[in-house]
Amino acid sequence: QVQLVESGGGLVQAGGSLRLSCAASGRTLSSYAMAWFRQAPGKEREFVAAINWLISAYYADSVKGRFTISRDNGKNTVYLQMNSLQPEDTAVYYCAVDTERPWATNAGLLESRYDRWGQGTQVTVSS
């Protein structure tokens, strides 16, 4: 059973940076796409970034150029480096993995593509 645990969230001022980590256990995830989603208060969960096993990255337009997704297969961990944070980035950030499509050459942008999720980590950006 795959388990995902996010960490690295917190409170930061606008313009600051945070790095989120998502550590996986129960299975080696190097062959699977992984993603970050976020959910702001009163809003639906939305796609942020994804990375496939080829290290191809995909980003939502709202974070392109500010956020960077990466993975360390040796540590079974995916990261989200967030720079130039803005108050609208405030949300609970979730890590997810698509274990049903190993070696996929793309990465899904929809929640339905991912079958395992972490509990989330809160990111709050003050103005």
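**Strands and rings**

Me: Is Ser 21 buried or exposed?
Reply: This is a predicted model. Buried means under 20% relative accessible area. Ser 21 has a relative accessible area of 17%, so Ser 21 is buried.

Me: Where is Ser 21, and which residues does Ser 21 touch?
Reply: Ser 21 is placed in strand S3, residues 18-25. Leave out residues up to four places away in sequence. The contacts are then Val 5, Glu 6, Ser 7, Trp 36, Thr 77, Val 78 and Tyr 79.

Me: Why is strand S5 largely enclosed by the rest of the structure?
Reply: Strand S5 covers residues 46-51, a run of 6 residues. The strand is largely enclosed because the buried ones number 5 of the 6.

Me: In which sense do S4 and S5 pair, and what is the bridge partner of Ala 35?
Reply: Strand S4 spans residues 33-39 and pairs with S5 in the antiparallel sense, over 5 bridges. In their hairpin, 6 residues lie between the strands, and Gly 42 takes a positive phi near 80°. The partner of Ala 35 in S5 is Ala 50.

Me: What is the bridge partner of Ala 49 in S6?
Reply: S5 also pairs with strand S6, residues 57-59, in the antiparallel sense over 3 bridges. That hairpin has 5 residues between the strands, and Ile 55 takes a positive phi near 70°. In S6, Ala 49 has as its bridge partner Tyr 59.

Me: How many aromatic pairs does the whole structure hold?
Reply: A search of the whole structure gives the count. The number of aromatic pairs is 4.

Me: Why is the pair of Phe 37 and Tyr 114 called edge-to-face?
Reply: The ring centres are 5.7 Å apart. Planes over 60 degrees apart count as edge-to-face. Here the planes of Phe 37 and Tyr 114 stand at 70°, so the pair is edge-to-face.

Me: How many residues apart are Phe 37 and Tyr 114?
Reply: Phe 37 is in strand S4, and Tyr 114 is in the loop between S9 and S10. Phe 37 is buried at 1% relative accessible area, and Tyr 114 is buried at 5%. The pair links distant parts of the chain, and the separation is 77 residues.

Me: Which residues form one aromatic cluster with Phe 37?
Reply: Tyr 114, the ring partner of Phe 37, belongs to this cluster.

Me: Which ring does the charged end of Arg 19 sit over?
Reply: The charged end of Arg 19 is 4.2 Å from the ring centre. The ring is that of Tyr 79.

Conventions:
Residues numbered from 1 in each chain as written. Predicted model: local features only at pLDDT ≥ 70, side-chain atom pairs only at ≥ 80, totals over all residues. Heavy atoms only, no water. Helix = DSSP H or I, 4+ residues; strand = E, 2+ residues; numbered from the N terminus. Buried < 20%, exposed > 50% of the residue type's maximum accessible area, 1.4 Å probe, protein only. Contact = heavy atoms within 4.5 Å. Pairing = 2+ DSSP bridges. Phe/Tyr/Trp six-rings, centres within 6.5 Å; stacked < 30°, edge-to-face > 60°. Lys NZ or Arg CZ within 6 Å of the ring centre and 35° of its normal.
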